[in-house]
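Dear colleague,

I am passing on a structure that I have been going through, and my notes on it follow below. Please read them alongside the sequence and coordinates.

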Amino acid sequence: MELLLQREKKTFKHGIHPDDYKHFTRHLSIERMPFVDEYVLPLSQHAGAPSRPLVKLGERVYRGQLIAEPAAFVSAALHAPVTGVVKAIEPREHPGGRMVEAIVIERDPYSPQTLVNEHPIDWESLSPAELLEMIRLGGFVGLGGAAFPTHVKYAVPEGKHARFFFVNAAECEPFLTTDYRIMLERYPDIFLGIRVILKILGSEKAFIGVEDNKWDAIELLREQLPSDLPCEVIPLETKYPQGAEKMLIEAVLHREVPSGRLPIDVEVVVNNVGTVASIGQMFKYNQPLIERVVTVTGPGIQRPANLLVPIGTRLTDVIAYCGGMKENVRQVLFGGPMMGMPQRSLEVPILKGTSGVLFLTEYEVVPRQEYPCIHCMKCVDACPMYLNPSLLGMLARVRRYDDMLEHYIMDCIECGSCSYVCPSNIPLVQRFRVAKALLREKMAREKAAKA
Amino acid sequence: MDVATAIGFIAALSVFLAISLAIANSKLKVQEDPRIGRVEEMLPGANCGACGFPGCRAFAENVVAGKVLPGQCPVGGPETARIVAEYLGVDAGQTVKKVARLLCAGSRDVAPQIAEYDGYPSCRAAAAVTGGFKGCVYGCLGLGDCVESCTFDAMFMAPNGLPMIDVEKCTGCGDCVRACPKGILELYPISQHLIVQCKSLLAGDEALAVCEVACTGCGICAADAPEGLILMKNNLPIVQQDKLNLETELATLRCPTGAITWVDGQQFPEWFQQWKTEKQEAKTSRVV
């Protein structure tokens, strides 16, 4: 009976079941990529204001040194991933498609590349406020993809309390195995990270949510879980988008985040497992966020791998290390196939929020003809936010954006489930993204006009 | 008998209701300035919102209330402003005719694509996917969001992938300026001749690598122009709006790429003429 209970899987309503394609890299342990000659660190790698640079041209910087400070409350610090010299501070290509001011560091080939000031931190003697400040200056952002500054999540507003802390290890995107390998290889860091975060938030319990296609990770975490840590490993059904924070909360706590609100409104803070592990490393070695695990995968790359790369490594260097691309590559994505960002240039750097690099070939990327909506309502059954993508899609088609607002377009999490199931190949999410961007602009204009 | 009662009842009821309506009409009358309706009739009636008010009616109310001057309607232009001002007996206000200018000359043959885009054909959507498919991240994507947004049929998409703006039809309402995700459409006074047809912040060979007609940021135009007319900022020449009286064609003569141009009315005049006639011919042949 107990065994049966242990295998009980939780989930949310709606969602889709894409093939997971994790076989490319799930058996490969994390390997450290050798240092390359040049690193490009855009000052805007996170949600919020760009960081303010603290170094000058030609200055020598050390691995782990603070090179840019957060310029606002919602902003993040930036650290040198290698010892070397600041070669340029100029606009460089950003995976988001803009030219963004970036610090370019040329590696010192003779440096041993050790971490500056490496030592364990006695976190138990520090107060929550001091720990929060360390995380703020450590440059931590959500490593799942959205890159939202972590310290902002932990700064719980007055009158609210984070009763539960969620470690999001669902990794529902097909192809990616970053979080899976971190759980298998770095679980002590995860547990240390949870301890520190529980102290900052004052939460009573932590949950680690893992999809059941990673059952060995669930078992390992359960075995290794320290008995004094108020934490529970929750197996989740393998379903997309299980890793969206609202879906995760719904699956585990059966609480729904109200429209337009944040998880903190239902007493929850959610973090990606990679973020938690790197916070654990911060307090183990005093290592800020200077490197991350990236899944380099897909049918279009010669040697798929789970790589530990310094932030700012250029994509061309990663491709060269993985044996190059196959000839029939048609699309290169940062992130997974569902929500990943296609890239137009191979010169872009790996950012803090880059969880994977996916190489798709001509067999996967097939242009598809769009047909009219046949009102089959498959998208309604798929939408995890209980929206009506069919109706919203028709409104978007005729540019009735204000009417879309009345149908809660702003609650769309852009997961892509509706586009995935649509038999008429309607690019629903793309239309919604346009609509949301225009509506946000319009709201900002109206706000400015009022003020 | 029954019929007579019914008819009598209905007649009495209608008389009663008519009287109450008549009383309501006189007692609850909303006094409205009749000039508002008159002014609204004089306005172009496009309800475009370019004046900053939601529609012509709201603008008329504000004009009559004396909160704004009639010249603030960019669509009507000086003529409408004069008529309204005469009717109301107020000052017409400053009216400078502004038109939308395309600050990019990177047509398909000079600014190549580096990626294929196979999604929803809208500039906004393409720009959201890592900035679009063009080599130059600042340049025109050519999918025509601006043309679609134009209320006055003043724009059309040229075969070379750039929108053409008909200055005679353009009213300067600014719809296309807001529609463009790259921000390469801007409203300029029609009297301004010097236009920098590039928004690339790159300099030198980097800029030329992605577009043959890009501004390289060399600063020759700023040096050739009269003192203070053109200032260089972020590798782009900025024509100072308050010194337009100094404008001279001299600034454009030594530009290595032709990024700064002397525009007299119509932008890209040869292309515009060529494709406009083609478009009209296509239209007439369809009718026939």
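In this predicted model, five residues of domain 1 of chain B are in contact with seven residues of domain 2 of chain B. On the domain 1 side, the touching residues comprise five nonpolar ones, with no polar and no charged residues among them. The assignment places domain 1 of chain B at 34-88 and domain 2 of chain B at 98-271, and their centres, taken over C-alpha atoms, are separated by 31 Å.

Chain A is likewise divided, with domain 1 covering 1-32 + 112-366 and domain 2 covering 378-450. Here 14 residues of domain 1 of chain A are in contact with 14 residues of domain 2 of chain A, and the side of domain 1 that touches domain 2 is made up of nine nonpolar, four polar and one charged residues. The C-alpha centres of these two domains of chain A lie 27 Å apart.

I also looked at a pair of helices in chain A, α5 (residues 187-201) and α8 (residues 273-285), whose axes come within 7 Å and cross at roughly 85 degrees. Angles of 65 to 115 degrees count as roughly perpendicular, and α5(A) and α8(A) are therefore roughly perpendicular to each other. The residues that α5(A) brings to this contact include A:I190, A:L192, A:V196 and A:I197, while those from α8(A) include A:V276, A:I279 and A:F283. By class, the residues of the contact between α5(A) and α8(A) divide into 10 nonpolar, three polar and two charged.

Best regards

How values were computed. Residues numbered from 1 in each chain as written. Chains lettered and ligands numbered in written order. Predicted model: local features only at pLDDT ≥ 70, side-chain atom pairs only at ≥ 80, totals over all residues. Axes fitted to C-alpha atoms, helices over the stretch in contact; angles between N-to-C directions. Helix = DSSP H or I, 4+ residues; strand = E, 2+ residues; numbered from the N terminus. Parallel < 35°, antiparallel > 145°, perpendicular 65-115°, else oblique. Contact = placed C-beta atoms within 7 Å. Nonpolar A, V, L, I, M, F, W, Y, C, P; charged D, E, K, R; others polar. Domains from an automatic or database assignment.
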